[in-house]
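Visitor: I would like to learn how to read helix packing in a model. Where do we begin?

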Amino acid sequence: MKESLEYYKAQRKEDWRVALQKKTKPKERIAKTRVKMPEEDPKLRSKSQFIEVNKGLTQQMAEEEASRCMDCPVPTCIDGCPVNINIPKFIKYIENGEPLKAAATLKESSALPAACGRVCPQEKQCEAKCFYTIKLNKPAVAIGNLERYAADYENNSTEKVTPEVAPPNGIKVATIGAGPSGLAFAGDMIKHGYDVTVFEALHEIGGVLKYGIPEFRLPNKLVDLEIENLKKMGVKFITNFIVGQTRTIEQLREDGFKAFYVASGAGLPRFMKIPGENMNGVLSANEYLTRVNLMFAGSEEADTPVLKGKNVAVIGGGNTAMDAVRTALRMGAENAMIIYRRSDDELPARVEEIHHAREEGVIFNTLKNPIEFIGENGKLTAVKVQHMKLGEAGSDGRRRPIPIEGSTEIIPLDIAVIAIGVSPNPIIPNTVSGLDISKWGTIKIDESNNQSSIDDIYAGGDIVRGGATVILAMGDGRSAADAIHQRLQSQQ
Ligand code: FAD
Ligand code: SF4
């Protein structure tokens with residue numbers, strides 16, 4: 001829950017904060033340049049799935065960057081954070097040389113700070129609302145990099161921060177899906193004292209954080225540490241359990257669960273529906289990334305098969321496409337390319353991911369749209385693409401791609417990975433009668449509290465938004481936890 005401005009103002013007047021404010025004059029803070037995140041050499045990192053691209057800030061770098069923060073009386077950065085992290089407080093703890101207290105502050109609002117510090121699009125959220133961005137037109141305080149620093153410091157330290165948990169109240173609540181949305185919900189409900197069980201269809205906990213986002217951006221072991229923390233707080237996890245198949249929501253109600261948070265994500269791949277798409281060599285980004293990230297197909301020891309090829313094209317321009325194409329590069333592709341129907345300027349992936357992909361040698365074939373996969377004996381050998389140009393902006397504000405009549409090209413290919421979007425996982429929508437579902441298959445909710453058309457079922461994350469971001473999914477989990485807590489308390 002977001003605190004009042006008075007609350008933040010009172011904290012800002014605490015002695016240690018005032019001492020820091022006096023230590024460095026605002027003019028000196030503004031004159032500093034944003035500390036750059038150290039990165040691994042692109043030639044080295046593009047050879048391994050397991051080398052992280054961003055190397056993290058040192059203590060000195062983190063304290064220097066934290067000293068840019070003005071500790072604003074009206075911290076607009078918090079308005080840009082869907083989980084309402086107390087941003088100035090955690091940053092000032094870093095400036096004060098107290099990273100464990102910074103980590104504790106992060107954990108008041110976020111169950112996954114090490115993950116969010118790595119993958120959240122801060123440039124569109126908290127950093128877009130930072131005083132430096134909106135008033136000075138200068139690079140924002142590197143809030144995401146500082147979040148990562150504090151979370152990593154705690155993970156590497158022998159001292160651990162476990163948030164306070166209220167005494168158990170014995171009321172059973174269930175989360176369906178162990179992605180970021182379900183984990184954020186579980187983290188808040190356990191703090192309120194509920195008996196929380198997270199049901200997960202896969203054998204691993206973490207959702208897209210584990211099966212989608214690659215190791216070189218977010219190592220699985222860090223996600224595991226954050227899950228360990230939730231286990232320590234008392235959250236129960238049951239894996240290999242498909243709600244709707246293993247047991248239905250109706251049966252779980254009989255088992256004593258008083259409320260449900262559906263966070264089952266959008267893991268159903270979409271295909272292009274063009275000729276040749278069922279050929280050997282064409283697969284979805286979900287399948288490709290799951291094989292490599294969750295089933296370790298990239299490592300020598302694993303027996304999971306995965307397609308490898310010299311010429312690999314990933315169709316699409318979002319974060320999933322960037323992850324898939326950079327994975328292909330690390331799996332040995334000589335030509336790893338993006339094929340995207342709009343221009344470079346419209347690529348929807350994070351700017352940082354596009355920049356890293358370019359540095360690593362990914363080829364960007366923009367303004368090209370696949371119209372046919374070509375093969376021999378059922379095996380992919382090429383893709384025929386239609387050349388495109390940009391027309392007027394559509395209702396979403398993006399310029400529409402228009403085919404250039406008669407202008408096509410054949411690109412030789414061994415593998416094509418389709419990354420053009422995902423649809424909601426259908427099991428819950430298909431097995432709960434009376435649940436209002438949109439025409440896209442997402443669960444309809446009351447946006448003020450994430451409640452579905454059924455009283456005791458709440459929903460959030462990608463199953464509602466149809467493919468969004470980690471932090472929006474987490475924000476939904478927090479808002480549903482708040483609403484369910486109020487509802488269940490009013491029934492006591
Ligand atoms: P998910 O993470 O999809 O988790 C849902 C979980 O529910 C899954 O584990 C699934 O197995 C489980 N489940 C489904 N049905 C059932 C059932 N019936 N019973 C039990 N369990 C079930 N976002 C960013 O902010 N930054 C990024 O850099 C970024 N990169 C991405 C890269 C890729 C490759 C992908 C695919 C997505 C990326 N995203 C990114 C988007 C982000 O990961 C999602 O928006 C986010 O994970 C959604 O969280 P969620 O908890 O709603 O769903
Ligand atoms: Fe610091 Fe920027 Fe937030 Fe102000 S808006 S408190 S400068 S992070």
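Predicted model: local features only at pLDDT ≥ 70, side-chain atom pairs only at ≥ 80, totals over all residues.

Visitor: Which residues of H6 are buried?

Guide: Buried means under 20% relative accessible area. The buried residues of H6 are Ile-87, Pro-88, Lys-89, Phe-90, Ile-91, Lys-92, Tyr-93, Ile-94 and Glu-95. That is nine of the nine residues of helix H6 (residues 87-95), so the helix is largely enclosed by the rest of the structure.

Visitor: Which helices do the buried residues of H6 pack against?

Guide: They pack against H1 (5-12), H2 (15-23), H3 (26-31), H5 (59-66), H7 (99-109) and H10 (143-156). After H6 comes Gly-97, with a positive phi near 75 degrees.

Visitor: How are two packed helices described?

Guide: By the angle between their axes and the distance between the axes. Take H5 and H6: the angle is about 130 degrees, and the axes are 8 Å apart. H5 is therefore oblique to H6. The crossing of H5 past H6 is left-handed.

Visitor: Which residues make the contact?

Guide: H5 brings Ala-62, Glu-63 and Ala-66, while H6 brings Ile-91, Lys-92, Ile-94 and Glu-95. By class, the contact of H5 with H6 has four nonpolar residues, no polar and three charged.

Visitor: Now the ligand. What surrounds ligand 2?

Guide: Its shell holds Cys-69, Met-70, Cys-72, Thr-76, Cys-77, Pro-88, Cys-130, Phe-131, Val-141 and Ile-143. Pro-88 is also one of the buried residues of H6.

Technical notes. Residues numbered from 1 in each chain as written. Chains lettered and ligands numbered in written order. Heavy atoms only, no water. Buried < 20%, exposed > 50% of the residue type's maximum accessible area, 1.4 Å probe, protein only. Helix = DSSP H or I, 4+ residues; strand = E, 2+ residues; numbered from the N terminus. Contact = heavy atoms within 4.5 Å. Near = heavy atom within 4 Å. Axes fitted to C-alpha atoms, helices over the stretch in contact; angles between N-to-C directions. Parallel < 35°, antiparallel > 145°, perpendicular 65-115°, else oblique. Left-handed = near helix turned anticlockwise from the far one by under 90°. Nonpolar A, V, L, I, M, F, W, Y, C, P; charged D, E, K, R; others polar.
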